Amino acid sequence: MNQAILWPVYLSVIGAVLGWLIPRKKPAAFIANLLTAFASLAICIVAYRGFFSELHFGLRLFNAGAPLNLLNSVIFHVDKLSAVFLAIIGVLGFCASIYGLSYLGHYDEEKLALYAFHYPLFILSMYLVVVSWNLIWFIVFWELMTLFSQFLVVCERSERAIKAGYKYFCMTKAGADFLLLAVVFVTLKAVGLHADYGSLSKLLPVYFAEHEGAFAAITIALLIGACVKAAVVPLHSWLPDAHPEAPSNVSALLSGVMIKMPIYLMFRFFLTFAPVSATVGLIIMVLAALTLLFGVMYALIQTDSKRLLAFSSVEQIGYITLGLGAGMWLIAMGHESLGAIALVAALFHTANHALYKGLLFLVAGSVLFRTGTRLLDRLGRLFSKMPLTAVAALVGTLSIAGIPPLNGFVSKWMLYSTTLMQPQTSLFGAIALVVSALTAAVFVKFFTTIFTQPPEKELDVKEVPFTMWAPQMLLALLCITFGIFPFLSLRPLISTVNSLGIALSRSDLSVYPCVVIPGTANLAPIVVIALIFIITLVLAIAIGKVQAKPVWTCGNRDMLNLRLAASAYYQRFRKEFGFIYEFGTAVQNLIEGLWQQVRLICESYERLSYRLNAMLTGAVIILLLMVILLGGKAL
Amino acid sequence: MVDKILAEYGAVVLDRNAKRLVVQVDDKQLRPLAEKLFESGFYYANGVGVDERGLGHDFAMYHVFASEKDKLYLVVKVSTSNLKLPSITPVIPGSNWAEREAMDMLGLEFEGHPEPERLILPDDWPKGVYPLRKEFDYNERPEFVERKPESTPQRTDVVQLPLGPYHPALHEPEYFEIHVDGEVITDAKYRGFHIHRGMEKLAEGRLTLNQVPFLAERICGICGFTHSIAYCQAVADAAGLDWPERAKYIGVILLEIERLHSHLLWVGVVFHLLGFDSGFMHMWRIREKVMDIAEALTGNRKTYGLVLIGGMRRDIDESRKNWVLKTLTELREETERVSKDIFGMKELINRIKGIGVLPKEDARALGVLGPVARASGIDTDVRRDHPYLAYDKLDFKVPVYPEGDVLARLLVRYDEIIESFRLLEQALSEMPQGDVMIEDYTIPSGRVGLGATEAPRGEDVHFVITGVESKVYRWHPRAPTYNNLPSVPIMLRGNNIADAPIIIASIDPCFSCTDHVAIVRKGKVIWKGPLGEGVKQVGR
Amino acid sequence: MTWVALAVNILFVLFYAPLMDGIERQVRARLQCRKGPPITQTWWDILKLLRRPPVAPEKAVRPIFNLAPLVAFAALLTAFILVPTLLPHSITFWGDLILVIYLMNSATLALVFGGFASQNPYAHIGADREVNIFLVEELALAFVIVTLAIVNGSLTIEKLFPVQLKLSVAIALIAFVVLVYIASARIPFDIPEAEPEIVEGALIEYSGSQLAFAKYAIYLKRLLLFSLLLNFVLPRNGVVRPLLFVIALPILSIIYASIEAYCGRYRVTEAIRLLKRISIVTMISWVIAIAGW
C-alpha cells in the first residue's frame with residue numbers, strides 16, 4: 001500500500017506533461033486542473049492512511065560514492081504530522097483545481113501556457129516537501145516549490161505581476177539560502193551525512209545538547225528561512241504583492257497552503273529534531289505578535305479585495321506561529337499540557353486558516369471572474385446577484401472574524417485559553433484578543449463593500465458556474481462542521497501532537513461533546529449554535545413577512561452616492577492609531593534607504609570594474625600591503 | 001462720503017431722510033457703484049425685483065445696501081425695459097440669492113451671474129411663468145411639469161449624505177447635501193425654499209395695509225413680532241408717520257421678550273443636539289416663564305397680533321408691569337445660575353469650540369447678520385446702528401467675539417440674553433405715559449418705505465412700495481436666515497459629520513412653538529391650557 | 001434544579017431588561033425636572049412595536065437585514081445561559097468568559113451587518129462608528145480579561161464569579177465599570193446611534209417587530225454587562241445573593257443614568273481617545289497582576 005504515496009506524483013506529472021504538450025492552452029489548462037484535482041484526491045487518501053499507519057517508500061536513484069550518497073536515496077514517508085499538512089494540501093488543492101476548471105476560462109490562451117504546466121507541478125512540489133523524509137531532498141523540493149509558484153504568480157504577465165513575482169522569487173530564494181546553509185551545516189557537521197529524518201531525530205538532539213552555538217546558528221538560519229516563506233512580519237513584504245497577482249485559485253493555494261509549509265518545517269525541526277527551547281519559543285511569539293499587529297493593521301487600510309486577503313494571511317500566520325511559539329515556551333517551562341494544547345491550537349488554526357482563507361480567495365476570484373475588478377469601491381450589493389458565493393463568503397467572514405461557534409473561533413479560543421493563563425505569555429494572548437476584533441473589522445469591510453453596500457453603479461452579473469460555487473460551498477461546509485464539531489479535527493490533531501512525543505491526555509483536554517480544558521476553560525459550540533439558531537428561527541417565523549419600502553434618505557430622491565468608500569471605513573480608529581502606520585512607513589523608508597545605499601556601492605563597484613587598469617593597480621597595491629603586513633607579522 | 005460716491009456714478013436721489021436714501025442709477029454704473037460701496041463698508045441687505053408697470057414704469061431692481069459706519073440704508077434702484085440687468089454678484093457675493101429670486105419670480109435676467117439657476121421655484125414649476133408679475137393672479141395654479149431627476153455626476157470617494165429635507169435635527173425642511181469622507185465633511189450644498197408660502201403675492205393680491213402685519217408675523221414662529229414691527233416701520237417710513245412714545249417702548253419690551261425666548265430656545269436646542277438633554281430641559285423650563293410673561297402682556301404665549309401701522313393694539317397696565325419686573329428678576333437669577341453650571345462643563349464647551357468657523361471676510365462678503373456676524377467679529381446691530389422704536393433712549397451693549405466658531409455664537413447669544421434682561425428692566429421702568437396708537441393718518445401711494453429691525457437672528461429688512469386703495473403695491477420681507485444660510489456650507493467644510501447638526505443649528509433656524517397642551521385621558525380631551533398649568537394638572 | 005433556576009433566570013432577564021431602561025428613563029427625567037414616563041413605558045413601547053409589521057428597504061440585502069436583530073437578540077440571550085443573574089445557577093460547562101464576550105461581540109457585529117445591509121447612508125456611518133468604538137473597547141477589555149485570567153488562573157465561570165480580589169483585579173474592575181458604561185452605548189458614548197446627527201445610525205431602517213428586537217437586544221446587552229459586573233463581586237452562593245442582586249441592579253441603573261443625564265455626546269475621536277486612556281489603565285492592572293499583586 002505504500003505505493004499510494006506515488007499516486008499523486010504520477011497524476012500531477014501526467015497533468016503537467018499534458019498541459020505542456022496540448023497545443024491549445026484552454027483545454028490544456030482544463031486537463032491539468034482535472035488531473036491535479038485527482039492528484040489532490042490521491043493526496044487526501046495518502047493523508048487519511050497516514051493518520052492510521054505510517055507510510056514509507058524508499059527509492060534508490062543511482063549508485064554513487066559517498067558525497068552523492070546523500071542524494072541517492074529518495075525516501076517518502078508519511079507520519080501523522082505530515083498527514084495533517086497533506087490533508088490541507090489535498091482538500092484545498094482539490095477545491096482550487098475544481099474551481100480552476102471554469103475560472104481559468106476567462107484567461108487568454110497565451111497566459112495559460114505557464115499555468116498549465118506549472119500548476120500541477122506546484123501542487124506536486126508542495127506534496128513532496130511534506131512527504132520527503134530526507135533533509136537534502138526536502139530543500140530541493142522546497143526550491144522547486146518556490147520556482148513553480150513563482151511562474152504561477154507571473155502567469156498574468158502584467159508589469160505588476162512580473163514585478164511582484166520577481167520580488168517574491170528574490171526574497172524567498174534568499175530565505176531559502178539560509179535554509180540551505182542550515183541544511184548543509186546539519187548534514188555535514190552535525191549528523192555526518194545522514195539526512196533522513198529518522199536518524200536526524202536521533203542524532204540532532206544529542207548534538208545540539210553539546211553544541212549550543214551550533215544550535216543557535218542553525219535556529220537563526222532556519223527561522224529566517226521559514227519566516228520569509230511564511231511571511232512573518234519583518235520579512236513579509238513579498239506576500240501582499242505576490243498573492244493577489246496569481247490566478248485566484250492559485251492565490252488560495254499560496255495563502256491557504258504554501259505559507260503553511262514553513263510551519264510544517266518548524267514543527268518538524270523545533271519539536272522533533274531539536275530540544276524544545278523556551279528562547280526559541282519566545283522569539284517565535286514575539287515575531288508572531290508583530291505579525292498579528294502589523295498584518296491586521298495593514299489589512300485594515302486595503303481597498304483591493306485580494307490584497308486585503310493577502311495582508312490578512314500575514315496576520316493569520318501570526319496566530320499560527322503564536323500557537324507554536326507559546327506551545328514551545330510552555331512545554332519548555334514545564335507546562336506540558338497547556339503547551340501541548342497550544343500546539344494543537346496552532347495545527348487546528350493552520351487547517352482552519354487554509355479552509356477559510358482558501359474559501360475567501362475563491363470568493364474574491366468569483367467576484368473578479370464576474371465583475372472583472374478587485375477594487376472594493378467598484379463592487380457592491382452582489383448578495384442578491386451571487387447568492388451562493390455571498391453565503392459562502394459570509395461563512396468565511398464569520399469564521400475568520402472568530403464568531404462563535406465557527407471554526408476560527410474554536411482555534412482562537414484554544415489559543416486564548418492557553419496563552420492567557422501564564423503571566424509571561426498573557427501579553428501575546430491579549431494581543432491575539434485585540435487582533436481578533438480587528439480581523440472582524442477587516443472582514444466586515446470586505447464583506448459589506450462587496451456584497452451589501454449600494455454599488456457605484458448597478459452591476460449586472462449572475463452567479464458563477466457550478467464548478468466554481470461548489471468548491472466554495474464545500475469549504476464553507478467544512479468551516480461550519482469543524483466549528484460545530486471541533487472533535488472531528490481535534491482528535492487527529494491531539495494524536496499528532498502525541499506522536500511528536502508531547503504527552504496530552506484526555507484529562508488535559510477533552511474534546512467531546514464539549515471542548516474542555518479542565519479548570520481553565522470550556523466551550524460547547526453545538527449548544528451555542530443550536531440556541532442561536534433556534535431562537536433566531538422561532539423569532540423569524542413569528543415575525544413573518546417583511547414589507548418592502550424605498551430606503552429613507554430624508555425625503556430626498558436625488559441620485560446620490562450613498563456608498564461608504566472602502567477607504568473611509570474605520571477612519572477615526574486608524575487615525576488615532578496612526579502611529580502604527582507611521583512606524584511601518586518609517587521602517588519601510590529605512591529599508592529602502594539601505595537598499596539604495598547598497599545599490600550605490602554595487603554600482604560604483606561595477607563602474608570601477610570597467611576600468612581594468614585601476615582595478616589591477618588597486619589589487620596590486622592591496623596585495624602589496626597585505627604581504628607587507630602579513631610579512632611584518634610573520635617576522 | 002456716500003454722497004461723493006453717488007455723485008461719482010451719476011446717481012439721482014429720489015428720496016431721502018435721516019435713516020435711508022433712495023437713489024436711481026444707470027444700469028451701466030451699477031456694478032462699479034456696488035463695488036465701490038462694498039469697499040467703503042456697505043454690505044448687501046436686501047434685493048427686491050419689482051414689476052413697476054402698474055406704476056407707469058418698467059421692471060426695476062432695488063438693491064438695498066446698509067452701512068453701520070454711515071448709519072444709513074441705501075436703496076439703489078435700476079430700471080430695465082428689456083428684463084436684462086447687470087449682476088452684481090461677482091462683486092458682492094451676498095446678492096446671489098436676491099438676484100436669483102428676482103430671476104425666478106419676475107423673469108429678470110442678470111448678466112454675468114455665476115450660477116443662474118432656480119432658487120425658489122420648485123423643479124416642477126413650468127418655465128416662463130413668473131408668479132410675482134402683476135398679470136399673475138394670486139390664486140392661479142399653473143400646470144406642473146414632469147420633474148427631471150438630477151443627473152449630477154456620481155462621486156465614489158465620498159458619501160453624499162442627504163441632510164434633509166426631512167431630518168430630525170432640522171426643524172424646517174431644508175436640504176443640505178453633505179459630502180462626507182469617513183467622518184469629515186469635504187463639501188456641502190444647500191437647497192432650500194421647500195415651504196415658500198407666497199406671502200408677498202398674498203399681501204399684494206388680497207390684503208390691505210393694516211392686515212399685512214398679521215400675515216407678516218406668521219413668517220416665523222419664533223421671531224414673528226419683529227417682522228410685523230419691521231413691516232409697520234416700513235409703511236410708517238413710506239408715509240412719514242411717527243408712533244407715540246409709549247407704543248415705541250411697548251414695542252421694545254415685546255421685541256426683547258421675543259429675543260429672550262428665542263435665544264433660550266436656541267441654547268436648549270444646541271444642548272439637545274450635543275446629546276445633553278438635561279441642559280435642553282432646563283433651558284426650556286426657564287423659557288417657559290418667558291412665555292408666561294408674553295401671555296400676561298399680549299394674551300398669547302407668543303407675542304402675536306399686537307401691532308398695527310399706527311402703533312400697539314394693547315397697553316400694559318401697572319399691575320402687570322410690576323409682576324413682569326418681579327418675574328424677570330427671578331428669571332435672570334435662574335438663567336445665570338443654570339448657565340454658570342453648564343458653562344462649567346468642560347467637555348461640552350470643548351465640543352463646540354473651534355468648529356464651524358466662519359471667517360470675518362466670508363461673513364462680510366455674504367452679508368451675514370446678527371449673532372452669527374457678531375460671533376465672527378463684525379460689530380453690527382440694527383438697534384444701535386439704525387435705531388428704531390425707543391432703542392436710542394436705552395442703554396445696552398453689543399457683544400462681539402472674533403473667533404467665529406459655534407462657541408462664539410453661543411456666547412454672543414448668552415450675552416444678548418443678559419442684555420435683554422437689562423433692556424426689559426429699563427424699558428418697563430422708563431416707559432412714559434400716553435397713547436399707544438395713532439388713528440388718523442393717510443398713506444400716499446407709490447412711496448418706497450424701508451423698515452429694519454434686529455430680530456433674534458439678525459437684521460430683518462422689509463421693503464414696501466405703497467399702493468392705491470390702502471393696499472401694498474410691493475412688499476418684500478427679508479429674514480436674517482436668508483443672508484445667514486449661504487454661510488453654512490463654508491462653516492461645514494472640514495468639520496466632523498458629528499458636528500454638522502450643531503453647525504447648521506448655530507445660525508439658529510427656527511420652528512413654531514405656539515402649541516398649547518391638551519391633556520387626554522381615556523381618549524377624551526379633559527383639559528386645555530398653558531404648558532406650565534398643564535404640568536401641574538398632570539401632577540394632580 | 002439547575003434547569004428550573006435557569007428558566008427563572010431567563011424569565012427574569014427577559015422581564016427586567018426593558019424595565020431597567022424604564023427605570024433609567026425615569027431617573028433621567030427626574031434629574032431634568034420632568035415627570036417622565038412610568039417605568040413600564042419601555043415595555044409598552046416594545047409591545048407596541050411588536051404589534052407593528054416590519055418594513056425593510058426595497059434594495060436592502062434582505063436575509064442579512066431581517067435576521068441581524070434576531071441574531072443579536074439570540075446571541076445575547078444565549079449568553080444569559082452562561083451568566084447567572086438572579087439565581088446563582090447557570091450551565092457553566094457550556095462556555096467561559098471568552099465565549100460570553102464573543103457572544104456580546106457577535107450581537108454588536110450582527111447589528112453592524114444589519115446596518116450595512118440596509119442601504120441607508122446613515123446606517124453605514126452608524127455601523128462604521130460602532131466598529132470604531134468596538135475596536136478600542138476590545139483593546140481595553142482584552143487586558144481586563146487577561147488580568148482576571150492571570151490572577152484566577154482560569155477563564156471558567158465557576159472560578160471567575162466571584163473573582164479573587166487583589167489590587168490588580170480591583171483596578172481592572174474599576175476600568176470594567178467604565179467599560180460597562182461605554183459598551184452599553186450611553187451618552188456620551190451613544191455615538192453610533194446619535195439621533196440628531198445620524199438618526200439612530202445602524203437601526204435607522206428597522207421598524208416594527210424588528211426594531212423591537214434590536215432594541216430588546218440593546219437592553220439585554222446592558223443587563224448582561226451589569227450582570228457580569230455584579231457576578232464578579234457578589235458572592236456566588238447563599239440566600240443573600242438574589243437579594244443583593246435585585247438591590248444592586250437598580251442602584252447601578254440609577255448611578256449610570258445620573259451620569260448619563262449630565263453629559264453631552266462625544267465625537268468618535270474623543271471617545272476613542274478616552275478608551276485609549278482606559279486601555280492604559282487596564283494595561284497597568286495587567287502589569288500589577290504579573291507582579292503578583
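Reply: For the angles given below, axes are lines fitted to C-alpha atoms, for helices over the stretch in contact, and angles run from 0 to 180 degrees between N-to-C directions. The model is predicted, and the part in question belongs to chain B, where five strands form an open sheet in the order E1-E2-E5-E4-E3, with mixed pairing. Strand E1 (12-16) and strand E3 (43-51) of chain B are the edge strands, each of them pairing on one side only, and from one strand to the next the twist averages 20 degrees.

Within this sheet, strand E2 of chain B, residues 20-24, pairs with strand E5 of chain B, residues 72-80, in the parallel sense and over five bridges; in E5(B), Leu74(B) is the residue that stands opposite Leu21(B).

Two helices of chain B can then be placed against these strands. Helix H2 of chain B, residues 27-39, lies across strand E4 (59-67) and E5 of chain B, and runs at about 160 degrees to E5(B). Helix H3 of chain B, residues 96-106, lies across E3 and E4 of chain B, running at about 10 degrees to E3(B), so that, because angles are taken between N-to-C directions, the value for helix H3 of chain B refers to the N-to-C directions of that helix and of E3(B).

Key: Residues are numbered from 1 along each chain as its sequence is written. Chains are lettered from A and ligands numbered from 1 in the order in which they are written. This is a predicted model: local features need pLDDT of at least 70, side-chain atom pairs count only at pLDDT 80 or more; totals for chains, interfaces and linings use all residues. Two strands pair if DSSP finds at least two bridges between them. Helices (H or I, at least four residues) and strands (E, at least two) are DSSP runs, numbered from the N terminus. Two residues are in contact if their C-beta atoms, placed from the backbone, lie within 7 Å.
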